[in-house]
Amino acid sequence: MTKSSAPAPGRNYGGFFLLLACLVATLSFLFSASFDPGQALFANDGPYGVLMSNTYKLPGGFMGVWSDLFWLGANSGTFSPNPTGLLLFGLGRRMFVNFYTPLTSLLVGLSAWFFFRQLRLKPWICVLGGLAAALNMNFFSNACWGLGTRNTSLACTFLALAAVQSGLGRFSVIKMVLAGLCIGMSISEGGDNGAIFSLFVAAYAFFLAVTQPGSLPVNAAKGAGKVLIMAVCAGIMALQSLVLFKNVAVTNVKQQDMTAAQRWDWATQWSLSKAETLRVIIPGLYGYRLDTPNGGNYWGRVGQQPGWEQHHQGFPRHSGAGEYAGVLVVLVALWGLANSFSRKSSAFDVGERRAIQFWGLLALIAMLLSWGRYAPFYRLVYALPYFASIRNPMKFMHPFHMILMILFAYGLHGLARQYLQNAVASLSLGEHIKAWWAKATRFEKSWNYGCMATIALGLMGFLVYSAARADLAKYLTTVGFDDARLSTAIAAFSAREVLLFVVFLTVSAGVLLVIQSGALAGRRSRWAGILLGTILVIDLVRADTPWIQYFTIEEKYATNPVLDVLKEKPWQHRVTVPRFNISGLPPSAQQFDGMLQQVYHIEWLQHHFQLFNIQAIEVAQMPRVPEDYAAFYGGSPIFAAHEFGDLAPFVAKLKQTNEVSKFVLSSLSEPTRQALQNFPSPADPAVLKAQLAKELTRLIEGPSLYDAKRFAGVPLSRKTEELLGLKPAGRDLVCLNRLLLEDAFPAEFTRYAGTAPGAQQLRHWQLTNTRYIIALSGFAEAFNAQVDPVKKRFRNALTFEIGQRPGGGITALENANGPYALIEFTGTLPRASLYPQWLVSTNDEFTLKRLGDPAFDPEQSVLVAENVSASTASTNAAPAAVEFKSYTPRRIELRATAAAPSVLLLNNRYDANWKVLIDGKPAPLLRCNFVMQGVQVPPGQHDITFRFAPPANGFWLMFGCVILGLLLCGFLLLAEKKKAGEGERE
C-alpha cells in the first residue's frame, strides 16, 4: 500500500483530551481507595510515617532538609523545584501520599503523547502510546513502591526527546536548550536513573543529526554541538542534585576498604537474571511483591546476596518492581522492528526504518546491561568513571521499557499506514482474511506463521510447566519458602500467569491478523484503535493491580506503651535495639528476640518512629556508609599506622609457619604480601604501615578470627577469654578479633586499652545520647553485672509483650511479666550540655582512641577538633545549665547559663552547613567528640540557636532554569501561533 506521511502537529488537541479522560478514568478506578481519608497508599520508599515527620515539612525543606531521625542526623540536601517537590508542596503531605503515584503516571502518559505527536503519528496512536507508557509495570510498580520519581524522570525524558525531535525544524538551538533543561530535570528527579536516560537522549540527538541529508562530517559536528548544548544546560539545571550525588555516593562514602570483588558484589546485587527477562511478557511468572497474597509472592533472584546459594546469609531476594510491558505492546513493537528489515513490503520510509533499528539496538544494549552480574556485558560500563557508584544494573530496564513504548508507537504507525488507510469492499471477516491471505506478502505470512508457532509453543510450555508444579514447589522449599502450602500456591500462581500470557498473546495476535486482513480499514479504522486500546488497558490494569496496597492509618500507626514513652520530648534522647549473639540462650528466648528485631526494624524504625519523630541510633537503610560513621563505630579497636613500631619484628613473625601467621599473611592483599616479602627494601615503612593498618582493620571487622586449632599455641589474655566466652557480636566482635591478634603478636604493636567486654557498646550509647535500649527482659541486670558493674546505670522503664491489638495488627502491650523491656540507661550524655573543661584534639585518630579509653570521662570533658583557646576552669567549676527553648530538625534554640567560659556540646552530627548564633550574633561552629556539634560560650545566660542553612544557590539556579524553560516554551508557542496565522492569511 502507498505510504504517506502524517501531517505536522497542529492545534488539534482532541487526542490529548481523549487520553486525559481515559487515564483519569483508569487511574481513578485503580486508586479509588485514595479518595478515602482514612486509607493511605503503601510506599516502601517514602512511606506515610516518613512524609508526615517533621523532617519533610515544606516550604522550609526547599532551603535544606536535615534528617534527624537516624543515627546522629544526616544532610539530605534540599527539595528541588521539580515535579515531585512542587506536588508535595501543592498537595500537602497527606494528599501527596495517596495521589503522588497516579498523578505521576498521568504525567508520564501525557508526556509520551507529546513526544509521539512530535513524531507526527496519528492521534489515536499517540493516545495508545500514552496509555502504554502510563500503565507500564516497570514504572508503575516503582511508583507504587514509593519511587514515583522514576515516573517523573521518564516524563521529563519524553519531553527532552520531543524537543530533540522538534529541533529538526526552526529554533533548533532553543529546542536543544529546552531538551537539556528537561534532561536536567530528569536527573533532578531520578538521580542516576535520569543520568542513564540522558545517555539515550544524547544518542538519539546525535543519531538524528548524522542521518540528515548532507555531509556526514558536518552533520556529525552539528550532532556533537547539539549534545554539548544539552549537556551544559542539563548540568546547570541538575547542579544541585549532582553535587548531592557526588557528596553522598562518591566522595563521602567508605568504599575504599572493599576489595575489588566486594565492590563488584555491592554494585551488582540488584541485577536481573537472564531467565527473569521473561517477566517483560509474563508479569507474575516469578510473582509480584514478597507479600503478594494467594501465591503471588516473588521468588526470583533480584536483590539476592552474592553467594547466597552457598552460605544462605543475607537476602535471598528482594523485589520492589515488576517488568511487564504488556503482551500487545511487545508484539506490536516486534512487528514494527521486524517490518523495518523487510525491504519489499516495509510499512516505513527510510528514515523511520533507521530510527526503529536504532531504537532496537539501544533496547538490546539496555537489556544486556540490566543483567549485571549474571552476564559479562555490565563489566564493560562498570569500569567507566562513576558507573561503579550505581548500585543497580536493573536500572537499565527503565530505558529498555521506554524504547519498547517508542517501538510500540512505531509499530502502530506502520500498521495504520499499511492496513487501515484505504477503504475496502464490505465483506465478512472470513472473506476478508481469505482474500488477503491469497495475496499476502512473504513477510506477512512469515509473521503470522511465527505468531501461531509462538502460541502453540506457549500452550505447550504451559502444559509442561503446569505438570511440573510439584517439582517447582519442592524447589521453592529449598530457596526460602519452607511452608509446603505456600510453595504449592506459588507454583500454581506462576502456572496461571503463563496461561494468561497465552490467552492475551492469542487475542493480540488475532486482532493484528484482523487488522492486516484489511477488515478494519477505512471507516472501520476507529474500531482498530478501540480493540487495541481495550486489550491494552485490560491487560496492563490486571497486571498492575497487585502492586497497589492500602492500609488503614488509624490501625497501622496506632500508638502503644513503648511509643508513648519514646515520643515524649523525643529530641532529648535516642533509642536502639542492639543485636546480641544469643546463641547460648534457650530457643524460646531466641524466638522472642527474633520477633523483637522484626517488629523494631520493619515496623517501628521505618514507620512509627518517623511519624512520632522518635530518634533512633540505627539507620533504616544505608547502602552507602559515610566515612565518619564507619570511623566512629570503628572506634579504638581499629588499627592505626602509628601503632606499629619497628616493622622488622612484625614482618619476621608473619613469615613464621605457625597457623596464625599463615592465616594473617594469606588474608592480606597480593601487593602487601609482595611488599612484606621484599621488606625492608624498597618499601617505604610509612606507606607499608598505613596499608597494614587498613588491611588488618578490614580483617578484624569481618567474621570471628577464633579457631581452636589456629590459636592452640597462643596464650590468650584474661580479657580475651572473657569476651570469647560471651560469644560477642557487632562491635564487641571487632574488639575480640583485635585482642586475638594482640595475643598472637604481643610485642609487635600497641595494645588496645578499651578491652572490657561490652565497654565499647556502652561508650557509644553514652556518647550518642542513647537513653533507651529495647531488649529481652533481664538484660538490664545483665548490663549492670557485666558492662556497668560499678555504677549500675541500667534500669527497666517498662516491661511488655508483643501481641495482637484488639483492632488487629501487632503492637506492644504492657505486661509486668512480659519477655521484653524498655531499658533506660541513665549514664548517657544529655543531648545538650556545657563543659567548662575541654581538650583540643585536632588529630582524629587520637580523638577516637581517647573517646574509647575507659580512663576518659565524657561527662567531665569534651574533645574539640578546632584550635580554640585552652580551658582555664577548675575541675570544681560552678554548675551550668542548658534548656531547650524550641526544637525542629532544621532549627534548635537553647538557653544556656554558664558560670565560666564553656563549650556547649550538642550531640547531633557535625555538618559545616549548620550555623550557630549566640544572642543573635554568628559564632564559629565547633566539631566536638569527633562527630558532634559544639560552640564556645562565654559566662552568663545566652540564647543559642543552631540553624541548618546549606547554600541555596542550587535551588535558585534550578528555579531560574525552570522560569527560563517556561519563557522559552511561551516564545515557541507564540511563534507557532504567528506562523499558523500567517498561513491562514495566505
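Q: What makes two strands a pair?
A: Two strands pair if DSSP finds at least two bridges between them. Keep that rule in mind as we walk through this model, which is predicted.

Q: What is the order of the five strands in the open sheet that has β13 in it?
A: The order is β13-β14-β20-β16-β17, and the pairing is antiparallel. From one strand to the next, the twist averages 25°.

Q: What makes β13 and β17 edge strands?
A: Each of them pairs on one side only, and that is what puts β13 (881–888) and β17 (921–923) at the edges.

Q: How do you know that β16 and β17 count as a pair?
A: Strand β16 (residues 914–918) and β17 share three bridges in the antiparallel sense. The rule asks for at least two bridges, so the pair qualifies. For one place to look, find V916, whose bridge partner in β17 is A923.

Q: Which strands make up the open sheet with mixed pairing?
A: This five-strand sheet runs β5-β6-β9-β7-β8. Its edge strands are β5 (574–576) and β8 (810–814), each pairing on one side only. The twist here averages 30° from one strand to the next.

Q: What makes β7 and β8 a pair?
A: Strand β7 (residues 794–804) joins β8 over five bridges, in the antiparallel sense. With at least two needed, the two strands therefore pair. Here I802 stands opposite A812 in β8.

Q: Why is W71 called buried?
A: Its relative accessibility is 3%, and buried means under 20%. W71 therefore counts as buried. W71 sits in the loop between β2 and β3 (74–75), and its phi is near 50°, a positive value in a residue other than glycine.

Q: Why is F171 called partly exposed?
A: F171 has a relative accessible area of 27%. Buried would be under 20% and exposed over 50%, so 27% falls in between. You will find F171 in the loop between α7 (149–166) and α8 (172–190), with a phi near 55°, again positive in a residue other than glycine.

Q: What is the peptide bond from L58 to P59, cis or trans?
A: The bond is cis, with omega near 15°. P59 is in the loop between α2 (48–51) and β2 (66–67). Most peptide bonds are trans, and most residues other than glycine have a negative phi.

Q: How do you know that the length of α7 agrees with its number of residues?
A: At 1.5 Å a residue, its 18 residues should span 26 Å, and the end C-alpha atoms are 25 Å apart, which agrees. Of those 18 residues, 15 are buried, so α7 is largely enclosed by the rest of the structure.

Q: What span should α30 have, and how far apart are its ends?
A: Its 16 residues (685–700) should span 22 Å, and the end C-alpha atoms are 22 Å apart, which agrees. Among the buried residues of α30 are L688, K689 and E695.

Q: Which residues of α14 and α19 meet?
A: L331, L334, W335, A338 and N339 in α14 meet F443, W447 and C451 in α19. By class, this contact has seven nonpolar, one polar and no charged residues.

Key
Residues numbered from 1 in each chain as written. Predicted model: local features only at pLDDT ≥ 70, side-chain atom pairs only at ≥ 80, totals over all residues. Heavy atoms only, no water. Helix = DSSP H or I, 4+ residues; strand = E, 2+ residues; numbered from the N terminus. Buried < 20%, exposed > 50% of the residue type's maximum accessible area, 1.4 Å probe, protein only. Contact = heavy atoms within 4.5 Å. Nonpolar A, V, L, I, M, F, W, Y, C, P; charged D, E, K, R; others polar. Axes fitted to C-alpha atoms, helices over the stretch in contact; angles between N-to-C directions. Expected span 1.5 Å × (residues − 1).
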